[in-house]
Amino acid sequence: MCVSDVPPRATRVCVFIAALILIGACDIPTSGPSFETETGLNSPVVVNKTFSLLGGDDSQHESLIDTTTAQFDSLFTIGTSDQKIAIEEEVSAFDLGSPDEILDEATNGVETSTSLSEAVVQGSDLATQDVDAQFRRENGVPPPTSSTHTTVPAARDTIPFPPGLLALPDFNLIDIQADTVEQGTFTDEMTVDGAPVNRITFTLFNDVSTPTPLTDGEGNPPMIKVRDEGGNVVASESFAAPIGPGDSETVEVGVAGETLGENSELVLVVEGNDPEDAFTVELSSLRYRRVTLSGAEQGAIMVSETDVSTRNEDTASQFAGIETRSGTIQLALTNHFSVPVEIDTLLLENHLQDSALPDSFQTLDVLRESGSIAVGGTKTFEIDLGDKGIANGIDVRLKAVLAHTGNTVTVAADDNLEVSATGTLPVDALYFWPNGEQVRAGGALFVDQERVRFDQPGDFVELNTGTLALDRIVSEPRVAFESFAVSFPDVRRPPYSAGDSLTIEFPIRAGTNPTVADVDLSEARVSPTGDVLDYHLQGTLETIAPSNQTAENLRVLRYDDEVSADLSLDDLDVRALTAAVNPFTVDITDDANDDGQLDLSDSDEASQAAFEGLGGISESVSGLELAGSELNVRVTTDIGTDAQLVAALQGRSGTSRTFLAGRGGQKSVSDTSTMGDNLYDGSARIPSEDLIEIGVDGAPTDDPVTRSITLTDENSTVDDFLSTLPNSLRFVAQARITGNDDGRIRLRRPLAFDLGLGVTIPVRLNNSFVVQDTIDADFSALEDVTDPTEDVTVSSAELRVRYTNGIPLGTDVQFVALDNSGTEVVSLPGGDGTVRVTPAPKATDGTASGASSGTGVLELSEQELRDLAQGRQLRLLLTMDQAEDGGPATLRATDTIELSLEAKVEASVSVNN
């Protein structure tokens, strides 16, 4: 019998099998006398076969597992220096779908509908109006008095100023009764309305009984001089010529601007006069600038001023009237008379004659009694207007008396009473003609986000697309806006500077509510610092020219007038976010049926991948228990936030289902944690002890980074997980988004969150496992001694197994012979028996430090020998186990096991004649 060479098979552990089978062929006669011959067959045909557990075409020995096939060519690695074997397998990436759900969840609620309503008057200059009503009523220059005259003797030299010659004036403001004018100062006028004033005409008559002409004593005409009360000559004039008997001459002097009184004097320079001569003094109409009266009674002062403007032309609007909410005006009376004034009554009323104000306009009735005001003094009243109205013109009526003492009083043309009413009034209703004034208001929309907070300047939501709509705009002011703008300083377009803020501008006609088209927010950035989105309203009023300021064009603004609108942010596609985060949970794998559960058994929800190489090992190896494995979780992400990934990762191999679970404080999931509550396997929630938690640090910039997390037997059940040699993986997961160390989050589409796995398994074994392989082995040569048609008696048969083991594992070997159809014909040893191969001695690192050798003998029955003769293939079943002492065994590519088989048969042959 000859055992053929076995072609390479897939795996990488090294086993030597040398098969030595000796079969002796006998010449058996077909006829002749019958006799028996005892024959011993122990000159074997030797076949030595060496197999390595792992190897390929280039291996020194034939391998049971060919690692050069497509199934295993990248699965195993061998250390270049120590020849230690490791299994490496990669899952490049799980199909997790789009991680953009993180951004969607973080910005959930950004789309909003709300309303804004702002009183547009309250924050503008129109909310208050400055009132400034001023008038000054002077005593005034009285009209010219009646002319007076008197005749006195033509006495030489000084003549007292004729008493009673100065006429009493009638002042405009004051009504005063007096006996005489004690002194008067005249204006600088010489004529009024063409009539002479402030002149004295002197006429000198020379009686006919006097033959001597009247001269100045030197032959010149007589002269007249006028002295004031200080003795100063204020006027001097000569008559035209000496005056002869029976003749007269007249001369006129002006006293404009001069002061004359009872103590003034006339000086007549004349010679030749006698008692019969006459001297006439005639005063023209006088215009007093100042006068002192004797025998004066209390003078009554009556002031009536209509339509006194109340507008402060520098600051106030062109109002026709103001209805106030409250406020006061300061009413001041100043006495510019030379004597105290006693105010009897003061009345203020709106001037409504020919006014554009409606009949419903509130009244203004202010009546005050003030008492005495000293010379140069001011009396001030604070008048509470309450809910009164004040027109742009008011009527003022004042009644007072001069509160002088004594018999004389001096009054002057510039004596006056000054009345002022000033104040800043808060407007309840403003009746006015607009002149392009502006109104301003502002407010804030509160962004109530559950998952993020915009607590720093520069926090933002950036949009791909979206719209802002202003609907149902209602304008309460009964005035037109040439333009009305709603601006959002926290909503900006590229390049996102302060000047790029969003402004929506439109006109509003009086009494109408405008319609505004939706605003495209593509590429806009919303920055609600402090979770507040500010907005500003600004309107520019229409302008009504002075020529059109009629009752029909009168506009009304009320303090509480509002402009309101419904505001909505719709169809927002957020592409970026920077904010503080309130930790929240998102699904990493799909919830395909939206039931709130991630079902590991549902292929539409679980992400699936394969360790394809491990599946090949499982076909040749069973019962493997690994030690020292590492599983590297690789996360490639550009997400700017840390995350805690809670996952159910299940490995599948045939009917085996094993979870990769976390161990220790960092990777395990606590029983009390709610993380993972939504992870299910069918209808059952996956227990927390079957889950694993993995922390992933976020990317510092928008550029993707790869994070690697190593799982070992210290922080996970990776050895148990990989010992089942899972060829397929199922994965469901959620992530707890926690922000970076400062609790911040930064996201920008398209988000990257790619998850891959890589395993490195040093071939270090903790327990027994089975390796099997089938080789070609033709046992047909045994048919000569097992042919039932021949008279051959087998007295004994045995199969000797010799081995040299260089692997630090013990091995129990079974040999199964298969016929041409691959059907098992015999298993050796019979029953559950095996041939024991002792392990090689082991070094401290678990590698073999030598080899062990031995021989095993299998007694074959005649039937087993006949069955073996049908064998055309041989299946090797090697149950390898851990050495009895020391730690896990570590296999090397140079480790070998050598097996050889030797058969010995004793048989007798009958020979017939």
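**Close-up views of a predicted model**

**View 1. D720 and its partner R663.** At 40% relative accessibility, D720 counts as partly exposed, a class that lies between buried (under 20% relative accessible area) and exposed (over 50%), with a 1.4 Å probe and protein chains only. D720 forms a salt bridge with R663, the closest N and O atoms being 3.8 Å apart; a salt bridge here is a side-chain nitrogen of Lys or Arg within 4 Å of a carboxyl oxygen of Asp or Glu. The two residues come from distant parts of the chain, 57 residues apart, with D720 in helix α4 and R663 in the loop between β52 and α3. Helices (H or I, at least four residues) and strands (E, at least two) are DSSP runs, numbered from the N terminus.

This is a predicted model, in which local features need pLDDT of at least 70 and side-chain atom pairs count only at pLDDT 80 or more, while totals for chains, interfaces and linings use all residues. Residues are numbered from 1 along each chain as its sequence is written, and side-chain values use heavy atoms, with hydrogens and water left out.

**View 2. R663 with D713.** The side chains of R663 and D713 also meet in a salt bridge, at 2.9 Å from N to O. This pair, too, links distant parts of the chain, 50 residues apart, for D713 sits in the loop between β56 (705-711) and α4. R663 is partly exposed at 31% relative accessibility, and D713 is partly exposed at 35%.

**View 3. R451 and E450.** A salt bridge of 3.6 Å, N to O, joins the side chains of R451 and E450. R451 counts as buried at 16% relative accessibility, whereas E450 is exposed, with a relative accessible area of 60%.

**View 4. Two cis peptide bonds.** The peptide bond from P494 to P495 is cis, with omega near 5°, and P495 lies in the loop between β39 (481-492) and β40 (501-508). The bond from L828 to P829 is cis as well, with omega near -10°, and P829 belongs to the loop between β64 (824-828) and β65 (835-837).

View 5. E523, in the loop between β41 (519-520) and β42 (525-526), has phi near 70°, a positive value in a residue other than glycine. L725, in the loop between α4 (718-723) and β57 (728-737), has a positive phi near 50°. E523 is partly exposed, with a relative accessible area of 39%, while L725 is buried, at 3%.
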